[in-house]
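Hi,

Here is the structure I promised to pass on. Have it open while you read, and I'll walk you through what turned up.

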Amino acid sequence: MGVTSILSLLSGVALFLYGMSVMGDSLKKVAGNKLELILYKLTSTPLKGILLGTAVTAIIQSSSATTVMVVGFVNSGMMKVAQSIGIIMGANIGTSVTGWILCLSYIEGSGGIAQLLSTATISAVVAIIGIIFRMVMKKDSYRHVGEIMLGFAILMFGMQTMSGAVAPLKDSETFRSMLTMFTNPAAGILVGILFTAVLQSASASVGILQALSVTGGISFAVALPIVMGIGVGAACPVLMSAIGTNKNGKRTALIYLLNDLFGMLFWSIVFYTLNAIFHFKFMNVVMTPVYIALMNTVFRAATICILSPFIKYIEKLVYILIKDDEEDLDEQKDFDLLEERFLNYPAIAIAQSHTAMNGMARKARKNLSRSVSLLKKYSDEKYQKIEEKEVLIDKYEDKLGTYLMQLTGKELSGDQTKQVSKFLHTISDFERMGDHALNVARTAKELYDKKIVFSDEARYELNVLIAAMKEIVTSTVQAFSRDDLQMAARIEPLRELIGMLCDELKMRHVDRLQSGKCGISQGFAFNDLLTNIERVSDHCSNVAVAMIELESRNFDTHEYLKSVREMRNTEYKRYFEEYEQKYSIDDFEAWSERQQEKAKMKALLEEQQLQQGRKSKNVGAAETIIPENIDPLEDPLEDTEEN
């Protein structure tokens, strides 16, 4: 096979892949969001899921695309892992439809109907209609239909190019002898896996196998193991799409691999065992493009028929392979509390809701702690975890809101109505805290990506403000969890102080910008952080107000806050003065000196540990030289990240 033939083959592969991509993308554009909505809604039973997955994949010509969509649904919490299994199984069958479409490219003839149905004629007609739609039509849907046709024509032309490039190989003894090695099932399966993993498309691999079959050198014994391996190799792009998703997203991607892996193992054992006993005569049958399309479809359909009764066991297996940690189990425990049967017993349902809300509040607090830790030391892993937990917090809001609204339809006492009302008022505040945690994380990512560093003064001011934010959030979560009205009364004074601090810090940062100590990029990021911290404190205040006002049976947030600020009773003033002294922003010089001293201590400790390592292992450990009593405001950004 010369250089020209190799280049022709590669160009055919490129055109084939490009045509398939254009056709699939255009099909999805024509459907809009309908495919996603259909996948989400029509998965009530495994059979429906299989049929749906088959149909959708047959339309968009990619099992990987279907599965990636499903991974996204499961990752967002819109779909359960169990629902996804049927769709993925169906996608395995649906992707075999491409092979039948490709058979059209092998229709040949010199006259009559055969000539009209030849590849050249079909491709030409479709391409002409497609370019007219693409260039002339003004409506987007028609233009996308034109793109579908152009993609199909390119795909068919790519297949023709591949077939033409490999056609001379039918007279090559070297090629024929090389193919005989693939009659070894292990070698054939490995080639199928590797080839498909590189191309990232099962349809492309089957298409190339069909192109090679025109040489007459592909027998049943060669084709079967390669087809088996193609399914496993197609899992590569799906597994890659699961990077960065939560555990359920990873489980969904793993299901795609397990389906094809189990199918390959099962049929390898069964078929080759029977062949060893009965010596099937059809093993040497020469395969044609139609035979390969048929083999691919039968193999995939038979695999799903065998696996479909075991959907529940496949679900259990992926949960065993990707285990939940204690935090995941704790989250699921919170959702399990919201049992619909308890709605007929309001006292129990309210208690369960309170426990679940406590879990939501803790998750919001932890995410805020994670986000500010990124300002000190950024990592993509931590950032992804914050995004994952933000999705979880949204899920809490959805489930709790739905459950509590159902509860309002029941017969409730006055106290129970008050409690449910408090929960409904505070759910959105805890959810918004989670949103602001993600905003802070995004700012930290921007600082890291753009290599923006705050001045020492700005860093000091942020340290003080973040420490105040951590206290108000912790106090709010504790007050809500314990129904502690006395602690709730301490929230508003601290919120007022945080608001004043944010206003003062903005003015100070303007001064630094004018004096050239800080740049514009630093100013935007600094202002974003102040805004998010202030909003967090506002939501904490809302929670505290809901607790206090609903206790007095008179919920009027604005009136309450107005009266509190106007009265400024002795207790309020005492709390405010306590916080004002604790979170002073006028001690920059003292803080700077402490930071320098801390750096010296760290260097001494490292030197001490280095010297200790040079001594005999029998010598006792070095005594620490870091003082035990450290100012809690020394550097809140250095707090250990909460998991």
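First, a word you'll need: a residue counts as buried when its relative accessible area is under 20%. Also keep in mind that this is a predicted model.

Let's start with helix α16, which covers residues 289-307. It has 19 residues and reaches 27 Å from its first C-alpha to its last, close to the 27 Å expected at 1.5 Å a residue. Which residues of α16 are buried? They are P289, I292, A293, M295, N296, F299, R300, T303, I304 and L307. These cover an arc of only 165° around the axis, so they sit on the same side of α16.

Next, a pair of helices. Packed helices are described by the angle between their axes and the distance between the axes. For α19 (residues 346-376) and α20 (residues 380-408), the angle is about 160° and the axes are 10 Å apart. An angle over 145 degrees counts as roughly antiparallel, and α19 and α20 are therefore roughly antiparallel to each other. The crossing of α19 with α20 is left-handed. Their contact has 17 nonpolar, 4 polar and 7 charged residues.

Last one: find E551 in helix α25 (residues 520-551). Its relative accessibility is 45%, so E551 counts as partly exposed. Now look for Q419: E551 and Q419 are 132 residues apart in sequence, yet 8.9 Å apart in space, C-alpha to C-alpha.

Cheers

Notes. Residues numbered from 1 in each chain as written. Predicted model: local features only at pLDDT ≥ 70, side-chain atom pairs only at ≥ 80, totals over all residues. Heavy atoms only, no water. Helix = DSSP H or I, 4+ residues; strand = E, 2+ residues; numbered from the N terminus. Expected span 1.5 Å × (residues − 1). Buried < 20%, exposed > 50% of the residue type's maximum accessible area, 1.4 Å probe, protein only. Arc of directions from axis to C-beta. Axes fitted to C-alpha atoms, helices over the stretch in contact; angles between N-to-C directions. Parallel < 35°, antiparallel > 145°, perpendicular 65-115°, else oblique. Left-handed = near helix turned anticlockwise from the far one by under 90°. Nonpolar A, V, L, I, M, F, W, Y, C, P; charged D, E, K, R; others polar.
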